[in-house]
Structures are given as structure tokens and as C-alpha cells.
Amino acid sequence: MSRLRYRISHWLFTHRPMALLLIAVATLVSALGLPRVEIKTIFSDLQPTGHPFAETFRDHPNFGNPLTIHMMVKRKQGDIYNTDTLQKVWDLTRDVDLAPAVDHDQILSITTSKARYAAATPFGIDMRPLMDSTVPQTPAEMEEFKQRVERSPNSRGFLVSEDATATLIQATFIEHRLDFGETFEYLNGLAHAARDADHDVFLAGEPALVGWVYQYQTQMIWIFAVTLLALFAALFLYMRNIAGVVTPAITGVVSAIWGFGLAGWLDLAVEPLLLLVPLLLVARAFSHTVQYIERFYEVLHVVGDKEEAGRLSLRVMMGPGVLGIITDATAILLIALAPIPAMQRFALFAGYWAMILLPTSVLLAPLILSKLPVPKNLYSIVSRDLSLSGVHQWMARVLRQVAMLTTGKRAAYTGFALLLLAAISIYNGLQIKVGNPVEGSSLLWQDSEFNVAVRTINDNFPGVNTLELVLESKEGETLEKTARKAGPVHAMLALQDHMEQSAHPPRATLSFADYLSEGGRLYNGGDPRWNPLDTSDWATQAAATAAMMGSGPKAFSHVIDMRQQHSTVSLWYRDNRQETVDAALANATEAVNAVGLDHEQFRIRLGSGTIALQQAVNDTVQGHYWVIVGVLGFLMFALSAVAFKSLVAGFILLVQVNMANFVIIAMLEALDMGLDINSLLVAAMGIGVGIDYGIYLLARVCDEYKNQEGDFAAIIREATTTTGRAIAFTATIMLIGILPWYFLSGLKFLADMGLLLAAVMVINMVMALFVLPLLVWFLRPQFVSRDDLLVSERVDLVREAQAARQSDGAGSPEWGASSAAT
Amino acid sequence: MRLPEEDRLPARAAGRRRSTAPAFLLTLLLTVAVGLQAETAPRSITIVADGTVHRPLYGIDFHDDLKRGIAVGARGTVITTDDGGRNWVPGRLDTPLSLIDVAVQGDRRITVGQMGSIWVNDSGEAWRAVESGTEERLMAVDMNATGLAIAVGSFDLILLSYDGGETWEESPLQLAPHVEGFYDPHLYDVQVNPDGSALIVGEFGLILRTVDEGRNWDIVHQGIASLSGVHVRTDGTGFAVGQDGAVLRTTDGGQTWTSLDTPTSGNLLGVWSTADGQATVSGMRYMIVSDDDGKNWRPVTDAEVNTNWYGKMAATDSGFIAVGHSGRVIRVARAEPL
């Protein structure tokens with residue numbers, strides 16, 4: 001292995017132009033893919049494959065379609081029964097009908113012909129649209145309209161609030177035509193224009209939520225620019241030389257071009273919310289490069305020749321660098337185990353990006369460093385003289401104190417404290433809730449326009465959150481209209497009744513059976529005693545004929561399909577908090593079991609709608625999070641054990657990383673942030689960060705073994721104050737770069753992720769600097785003394801430098817025979 | 001059993017053709033007189049029991065003590081009270097079908113409903129289903145102390161029982177020949193009196209009357225609007241109500257009926273009146289009350305009754321009790337002089 005590392009570093013430096021040309025060509029080819037990069041949300045790809053709820057949604061997208069907007073017009077004083085308000089609703093409805101990607105058959109308001117009323121009269125059924133072809137103008141017309149609304153049980157409560165001060169406009173969008181940004185801009189513009197002294201207009205629904213995320217995209221990019229600037233500023237203040245700043249900048253930019261280039265070439269749409277991951281990957285490139293730079297300066301200080309320093313530091317750093325990057329990339333690629341298409345796509349894109357840090361950070365960085373001027377402050381960076389002033393010596397002094405806490409007598413106390421922390425973290429971490437802890441969306445602040453709209457609509461109407469229990473026909477290949485038959489119709493009623501009787505009843509329920517029940521009543525003269533439907537096919541067919549008189553299945557497309565075979569029971573809930581979702585699904589499971597899942601003509605599928613789809617993602621996150629952590633743990637253990645040729649090494653790294661992970665999860669629990677699809681991604685990346693730190697530090701411990709003559713206290717002190725300093729520095733500059741997210745972002749998501757990432761960086765740094773040295777101190781593992789480790793290379797820098805001067809760098813060193821001088 | 005040879009259609013038709021001027025003057029005078037005598041407080045509405053949307057209540061009846069009562073509804077719902085309707089105890093029969101009306105007499109109870117279902121019970125015993133011989137919907141049931149029970153339902157169905165509901169026979173009465181268009185009219189309500197006379201109301205303004213325990217029936221009223229509810233007191237005064245705001249009054253035990261003017265064109269479903277002349281009519285989004293035995297009616301203004309429906313009614317010492325949507329029972333306060 002050492003020979004391989006030597007050969008690679010030797011070839012790279014003897015064929016430098018060729019290597020640079022290859023990297024340049026790859027960068028150019030990647031850059032050609034950049035114009036094709038698309039940053040967009042593909043809603044259906046956010047739903048997990050194979051989950052029964054998500055599959056139900058895919059099979060029956062019309063039922064409880066989340067791609068529906070809810071626009072509420074609220075009269076500030078008085079009720080909606082005035083020409084001014086109704087004209088506004090009329091105009092808005094027609095304007096919504098012109099929105100990009102709207103499904104023109106799925107627009108509903110009190111001014112559309114789908115909103116109908118029916119009344120039994122001595123002369124027959126009076127069935128008409130609520131509103132005629134014009135808005136009521138006279139008091140008599142207004143009174144007549146009001147009476148029609150009162151006679152329309154499916155309009156009052158659902159389209160007009162019980163107190164008659166608000167009305168809803170609903171519109172569903174066609175996903176494959178939907179550009180969330182464009183549609184939202186149009187709809188939000190309508191809402192803004194319609195607000196006046198007498199009216200408020202609120203806009204909610206998934207298209208509005210994604211639209212808001214799109215709106216914040218520009219702000220997000222600005223915040224990321226601030227982060228990058230902060231990173232560079234910190235880097236400059238720390239390094240105070242050109243090479244220390246330019247090298248990470250070049251490796252970061254090249255890796256970004258390669259990463260985004262692949263997304264462009266493969267047409268992988270990048271989810272806007274996950275744009276922070278590329279930023280993190282740039283930061284990871286910085287981190288690896290900084291580790292390299294620190295070591296390069298140390299070597300340069302000894303050998304005095306940039307090229308030789310580059311070649312030697314590459315040999316020394318290649319092992320831990322490669323292992324660190326592979327574990328980083330593995331952590332990200334393992335996210336693909338969660339069967340969510342958007343996540344899998346992203347795992348491929350981000351995993352590839354993480355992997356290309358191998359050529360960019362490991363190979364490119366030494367080539368660049370060897371060509372840049374020698375820093376004037378080289379001595380102050382690498383000097384062990386702690387009496388010197390400057391950030392490097394200050395950090396070294398602090399880290400020397402840290403090292404003292406992990407060695408000698410104090411190690412026992414520190415160990416006890418860490419054990420206590422581990423116990424508390426594991427206990428709290430296992431209590432972590434998966435799911436949404438707030439009403440509305442946790443992506444946006446609670447006082448955001450969207451969340452206020454969700455709360456206000458929930459206050460005035462059954463709400464924007466439904467759970468759909470789908471009755472799927474088994475007669476798909478026939479012309480049978482299953483949804484009109486007695487079996488399914490009475491199953492719908494039984495489900496509704498069961499849910500209404502449950503401990504946590506929905507705020508409202510609706511099914512095709514309700515329309516049939518009403519049709520039966522009207523057909524028989526209007527007495528409510530005709531509402532109950534008899535249990536014969538004849539009775540339900542007759543009621544269906546009455547209910548659909550003068551209209552067609554299109555008018556009922558929210559409860560049945562166009563062939564009148566499949567149907568749904570819609571259940572409205574107050575909010576989508578996790579406890580609401582859990583209770584709703586528990587009750588629905590009971591209801592479905594009571595009614596029976598499988599019937600001769602149909603089967604009941606639980607379920608669809610926003611409640612079920614939210615849970616589908618939660619289930620997938622919960623089910624796969626520990627699988628991903630488990631597989632990742634095993635792979636890290638295996639890779640580390642092979643690289644360090646010791647199971648104990650694998651154990652040390654596993655303990656350090658898992659402890660950091662539990663502390664992070666416990667922090668999420670303490671902050672009531674919950675575990676969701678986004679935190680899954682970041683937590684997995686956090687594990688990659690932690691293992692990086694551990695590998696670099698442990699490799700340094702091995703490197704220092706002979707140098708410090710097996711004195712573990714000295715080994716730990718040296719490793720902590722050198723490699724530990726690079727770890728502390730990268731974690732600190734990331735903290736400086738990320739913390740502004742919390743204060744600048746209009747997206748609560750970004751703020752939360754900023755907080756989480758900051759915690760990931762700091763906690764992993766602390767665990768690396770305390771847990772790993774402590775374990776080394778107590779275990780005193782044998783592998784650190786071995787000369788043949790894949791990640792450690794002891795090079796006699798002085799001898800190498802002399803050999804290089806004599807033979808112009810062509811000689812072969814004596815492997816492992818000399819004492820380490822770094 | 002046969003129909004009388006002469007139908008008494010003209011009485012109601014003639015009533016409608018009469019000039020309204022004398023009635024208007026009379027109404028005006030009465031209004032002024034009542035206004036001078038005693039103003040009454042608005043009728044307050046109190047929800048005394050609540051249920052769920054898919055378990056509305058359709059029928060209610062009280063024992064003679066006016067304390068013990070029973071109400072029935074969708075999916076076998078049976079709720080009971082022992083305090084005149086102030087508090088209700090939930091219960092349910094083991095049936096997915098709706099129970100649409102209930103009758104109580106002494107210890108005997110009968111409830112009828114969808115698909116010809118009839119259940120009987122003696123106080124303290126479990127309900128048991130009895131054979132009705134029909135699958136038609138039974139809309140109403142009533143009985144007297146002698147064990148005469150009459151249930152009516154869809155398509156001119158009249159069921160008779162002379163043993164308190166244990167066994168039933170279908171009346172051979174055919175109403176279609178007497179209805180324009182030859183339809184079989186649905187029958188919506190029945191009242192059985194202690195003397196064996198009874199009244200039935202239904203579609204096409206039909207009011208049927210028997211004085212011989214259902215063996216022979218007279219058509220005492222016909223019209224256009226369906227009639228949904230009837231209640232006649234022992235003093236012979238009573239009301240029948242139905243579609244299009246129809247309220248008819250009788251003062252002779254149901255032999256003759258007069259159409260009254262009401263402030264609504266809504267669908268009225270239930271009625272009850274008391275000997276002091278107080279009457280309450282429930283309906284679809286309407287409730288009207290009278291304090292003078294139907295001479296004057298005024299609407300009750302309350303969101304609960306103006307946006308929902310209430311059907312069958314009864315009166316106890318706590319007020320008028322109505323059942324309806326969402327398993328609700330409301331108490332309508334009696335009029336008290338201010």
C-alpha cells in the first residue's frame with residue numbers, strides 16, 4: 001500500500017501537466033452539463049415507493065389530491081352575502097381558472113356551476129347552481145342566493161364558513177405541467193391584488209407551500225453566498241496567506257462544477273430545499289483541503305521544498321483522506337436505501353460529489369499548493385512554540401488543555417462525564433419523535449403568511465388536511481359501476497360512522513354515499529327520513545341516479561372516479577401535527593378492520609390525502625433511519641478495521657461516531673425539532689463528518705507513535721494539537737458560516753438546518769477531540785504501533801528531503817524504517 | 001276494509017279559494033288583542049343531547065308520565081331519558097339500519113324503521129325484532145293502551161297490530177286510485193287515539209281517518225304538498241304540517257282541516273301543541289311557533305334551527321322536545337308571559 005501511495009504521488013508530481021490537464025478536461029466536460037441543471041420539486045417523487053399510502057395516492061391521485069390550493073376570501077366585517085364580496089369571489093374564481101397548469105375540471109367555489117343546491121318542492125326537485133350566470137345584485141337576489149347556500153349541505157361548511165364570513169375557492173393542478181414557481185407567483189399575485197379594506201385573502205395548499213420555498217430560493221442563494229464569504233474570511237484570518245485561501249477555493253469550485261455537471265448530464269432535478277447539501281459538500285472539500293494544507297505546511301517547514309512537501313504530504317495524507325472521503329460518500333449514498341425517488345436521486349448526485357473530493361481535494365490540492373508561493377507566516381503556523389501569539393498557537397494551547405483532560409489522572413473523570421452524557425443522550429435520543437410537530441408546515445416560520453393562512457382556513461373550515469380511505473373496485477375490467485352498489489355505499493357510511501364515533505373524530509367526513517343519501521331524500525320529497533339508504537343495489541342505484549341528475553361523474557370527481565368504480569371517504573382533520581396524524585390513522589385502521597378490508601366487489605385501501613402521505617414519509621424515515629445508521633456503522637467499522645488492520649480501531653471510531661450521533665438526536669429531541677426527511681439527510685452527513693475527524697485523528701495517533709516513543713500522553717497531545725487543530729478549525733469556520741442562516745432565513749427549514757448543522761459540526765468536533773483520545777488512552781491499542789497501516793505512513797522527512805535533493809526526487813525511500821518527523 | 005265511496009276533497013280546495021280579506025281583518029284584530037293582553041318572551045333553544053352527523057335522530061315519544069322518553073335514529077340508535085328530556089342516555093340496537101319512529105304505551109315500546117324492520121320491548125327487557133311481512137320503509141308508528149298499533153310507510157303501506165306490535169297485518173287499502181297520476185303515496189305519520197280512532201298523513205296532502213281501529217279509512221284531506229307530521233290533542237284541536245310551509249288545523253279531532261297562513265315556505269316536518277294553545281312546528285331550517293293555537297305563527301330565530309333540520313316533536317314539563325340532525329335533541333322553551 002505504501003508503495004502504491006508512493007507511486008501515485010510520484011507519478012502525479014512527475015506528470016503534473018498531464019494530471020492538471022486531465023482534471024481540467026473533466027472539469028470542462030462537467031461544466032458543459034451545468035446549463036441543464038434544473039432546480040425544481042417533483043412532488044410525486046417525494047412520496048416513498050412501496051409504501052401502501054403513497055401507492056394508494058399514485059393509483060388514485062384524484063382523491064384528496066395534495067396538489068390543490070385553498071384560497072379563502074374572508075370578509076372583515078359582516079358576512080359574504082353582499083355584491084362586493086361575491087363579485088370578488090366570482091372574479092378570483094375565473095382568474096384562478098387561468099392559472100398555469102390548473103385542471104379546469106377541478107375548480108370549485110360558490111360561483112362555479114359545480115356548487116349546486118337542491119330542494120324538494122311539491123312539484124319536484126329544484127336543482128340549480130348556487131349562483132346563476134351573474135352575481136346577485138338586488139336584495140331579493142341576494143336573499144335567494146343565501147337560501148340556496150343554506151339548502152346545500154355540501155356547500156355550507158365546506159365552501160361557506162358556518163358563520164358565513166368566509167368562502168373557499170379550491171383548484172387542483174396537473175403535476176406534469178406544474179411549475180410551482182410560476183403558478184405560485186400568479187396565484188399569490190391574485191391574492192395580494194384581491195386584498196382590500198374589507199377583505200382578507202389567504203392562500204394554502206401544497207402548491208402554495210412549494211411556491212413559497214421557490215420564492216425563498218433567491219434568498220437562500222444569497223445566504224449561501226454570505227456563508228461562503230464567511231468561510232473565506234475565516235480561512236483568510238486563520239491562514240493569512242494566499243495558498244491557504246486559494247487552494248480550498250479552487251478545490252471547492254472544481255468539485256462543485258463536477259457535482260452539478262453530473263446532475264446536468266443525468267437530468268437529475270435538484271430539490272430546492274436540499275440546495276444546502278451542495279454547500280455542505282463545498283465545505284467538506286474545504287475541510288479535507290485544510291487538513292491537507294496543515295500537513296503540507298508541517299512537511300514544507302521540515303523539507304523546505306514545495307514540490308517535495310507536496311509529494312510527501314500527499315503520501316502521508318492519502319490514506320486518511322481516501323478513507324475519510326469514501327466513508328463520507330458512503331454515508332450519503334446510503335440515503336438511497338430510503339425508497340423515496342427524490343432522495344435516491346439526491347443520494348446519487350451528492351454521493352458522487354462527495355466521491356469526487358478524491359481527485360479534487362486529495363490529488364489536486366497538493367498540485368496547487370506546490371505551485372503557490374511559500375507562506376511568509378509558515379513558521380508561526382507550524383511552530384510548537386506556544387509562547388508565540390496568533391490564532392494557531394492560541395488554538396494549540398487550548399487543545400493542549402483538552403489533551404490533558406483525556407490523558408493521565410483526569411482521563412477517568414472525563415470518561416465518567418462522557419459516559420453520563422452518553423447515557424442521557426441515548427435515553428433521550430430513543431424518544432425522538434418522527435414527524436411534523438407544528439400546525440401547517442415546519443418549513444416556514446409559524447408567523448409566515450402560509451402558516452397563518454393554514455391556521456385561518458382551519459379555523460373557518462373543516463381544514464386543509466384530509467385522510468382518504470379509498471374503496472377500490474375489483475370490477476375494473478367491466479362496465480360495472482361499483483361505486484353505486486349497495487356494498488361499497490354502505491361500507492362508506494360505516495367507515496364514516498366509525499370514524500365519527502372514534503376517540504379522535506375528524507372535523508368532517510364526506511363520501512359519495514352522502515350525495516346518494518341526499519339524492520334519495522330529495523327524490524322522495526325532501527323528508528330527512530328518506531336519508532338512510534336501503535341495503536339493496538336497487539336502492540343505491542336509484543339514489544345515485546337522483547343525486548347525479550343534471551350533472552355527471554365529473555361533478556363528483558373528488559369522491560368517485562370517472563367510471564364510477566372507485567370511491568373515497570374523505571376525513572378532515574384540524575391540523576397535521578404528529579399526534580393528530582397518529583390518532584387519525586389508528587382510528588382509521590380500527591374502522592377499516594371493523595368494516596373489513598376485502599370484499600367481493602371492492603377492497604379498502606388506507607389511505608391517501610395529506611395526512612396519509614405525511615405519514616408515508618415519516619414511516620419511511622423512521623423505518624430506514626436506523627437501517628441506514630446500522631449499515632453505515634457496519635461499513636465504517638469494516639473499512640476502518642481494514643484500513644487500521646484492527647477491530648479495535650473500528651470499535652474506537654464506531655463509539656466516537658455513534659456517541660456524536662446520539663447527542664445530535666438528543667439535541668433534536670430537546671429542541672422539539674423531530675426527525676424528518678431533511679434531518680435524516682443532514683444526520684447521515686453528520687456521521688460522515690464525524691468519521692472523517694476520527695480517521696484523521698487516529699491516523700495521526702499512529703503517525704506519532706514512534707515519534708513520541710510510545711508515550712501515549714505525548715502521542716495524544718501531539719495529535720490533538722496538530723490534526724485536532726485542523727478539526728477544530730474546520731468545525732469552527734463552518735459554525736461561523738452556518739450560524740447566520742438562523743438569523744437571515746425566511747425559511748424556518750434553513751434556520752433549523754443551520755442549527756442542526758452547527759450542532760453536527762461542534763458535537764462531532766467535541767466527540768473527536770474527547771472520546772477518541774480517551775479510548776486510545778484507556779485501550780492503548782496495539783495497532784497504533786504497526787508500520788503497515790493503510791492510513792498511516794511514517795516518513796523520515798529529513799532523509800526524504802536529502803534524498804530528493806540528491807536524486808531530484810527519483811529515489812526510493814526506505815519504507816517505515818525511519819522515525820516520523822511530522 | 002274499504003275506502004268510503006265519497007272522498008272529501010272539496011273541503012280543502014274550497015278553503016283555499018275563499019277570500020282572504022275577512023281572515024286578514026280577523027288576524028289583525030287578534031294580533032292587536034294578543035299584543036295588548038300579553039307579550040311573550042322569545043322561545044329559547046337548548047341543545048340537550050348531541051351525537052354525530054351520520055347518526056341523526058328521527059323519532060321520539062314519551063310515556064304518559066312525560067318523564068320517561070325514548071328517541072331513535074340512524075344505525076339502530078336508541079337514547080332514553082327519565083327526566084322529561086333534560087338528560088339522555090345513549091344506546092344502540094344491533095342493526096345497521098335506521099330506526100325511524102318509536103311509540104311507547106305503558107311498559108310497551110315499538111320502534112320501526114328501514115326495510116320493514118320492527119322491534120318491540122317491554123320495559124326492562126331487551127329489544128327483539130318481530131316479523132313485519134314487508135321490506136318497505138316504515139316512517140311512523142303509534143299505539144294506544146288497548147294494544148292497537150299502526151305503522152305507516154312508503155308506497156301507501158299501513159300495518160296494523162292488535163296485540164301491541166307482536167304480530168302485524170297489512171291493510172289492503174289501495175290509495176293509488178284516489179291520487180292524481182295513480183301513484184302509491186308515501187305515508188309519513190300516524191296518530192292512534194285511546195278510542196281506536198286514528199289519523200294518517202302523507203304525500204299529496206293526504207289525511208286519512210279511521211274510527212274503527214283501522215278497518216275502514218276516510219280520506220279527509222288531499223292536496224299537493226306532502227304532509228309529514230300530525231298531532232291532535234284530546235280536546236280535538238291539532239295540526240298537520242308538511243312541504244311548502246303547509247300547516248293545517250283541525251278543531252274536531254281530525255274530521256275537517258283548515259289551511260293556515262305561515263311565515264315560511266319551508267319543508268315542515270314535526271308538530272306538537274299543548275292544551276294552553278302553544279304550538280311548535282319543526283322543519284328543514286325553520287321552526288315556527290304559535291301561542292294562540294295556530295292563529296298566529298312566528299319564526300324562531302336561532303342558528304341551530306335556522307341552519308339545520310329537526311323532525312319529530314313531543315312536549316314534556318321541560319318544554320317542547322325535538323330530535324333531528326347529528327343525533328341532537330333540543331328543548332324549545334315554552335312561552336312565558338313577560
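The contact between the two chains takes 20 residues from chain A and 29 residues from chain B, where two residues are in contact if their C-beta atoms, placed from the backbone, lie within 7 Å. The model is predicted: local features need pLDDT of at least 70 and side-chain atom pairs count only at pLDDT 80 or more, while totals for chains, interfaces and linings use all residues. Residues are numbered from 1 along each chain as its sequence is written, and chains are lettered from A and ligands numbered from 1 in the order in which they are written.

On the side of chain A that touches chain B, strand 3 (116-121) and helix 18 (486-501) of chain A are the elements giving two or more residues. Helices (H or I, at least four residues) and strands (E, at least two) are DSSP runs, numbered from the N terminus. Helix 18 of chain A gives the most, with six residues.

**Helices 19 and 20**

The axes of helix 19 (residues 512-523) and helix 20 (residues 537-547) of chain A come within 7 Å and cross at roughly 85 degrees. Axes are lines fitted to C-alpha atoms, for helices over the stretch in contact, and angles run from 0 to 180 degrees between N-to-C directions. Helix 19 and helix 20 of chain A are therefore roughly perpendicular (65 to 115 degrees; under 35 is roughly parallel, over 145 roughly antiparallel, the rest oblique).

**Buried sides**

A residue is buried if 20 or more other C-beta atoms lie within 10 Å of its own, exposed if 12 or fewer, and partly exposed in between; C-beta atoms are placed from the backbone. The arc is that of the directions from the helix axis to the C-beta atoms.

| Helix of chain A | Buried residues | Arc around the axis |
|---|---|---|
| Helix 20 | Thr540(A), Ala543(A), Ala544(A), Ala546(A), Ala547(A) | 160 degrees |
| Helix 21 | Thr580(A), Val581(A), Ala584(A), Asn587(A), Ala588(A), Ala591(A), Val592(A), Val595(A) | 140 degrees |

The buried residues of helix 20 of chain A pack against helix 18 and helix 19 of chain A.

For helix 21 (residues 578-595) of chain A, the cover over the buried residues includes strand 7 (465-473), helix 18 and helix 22 (609-643) of chain A. The face turned away from the buried side of helix 21 of chain A carries the exposed residues Glu579(A), Thr589(A), Asn593(A) and Ala594(A). At 1.5 Å a residue, the 18 residues of helix 21 of chain A should span 26 Å, which agrees with the 25 Å between its end C-alpha atoms; the expected span is 1.5 Å times one less than the number of residues. Gly596(A), whose phi is positive, near 100 degrees, follows helix 21 of chain A.
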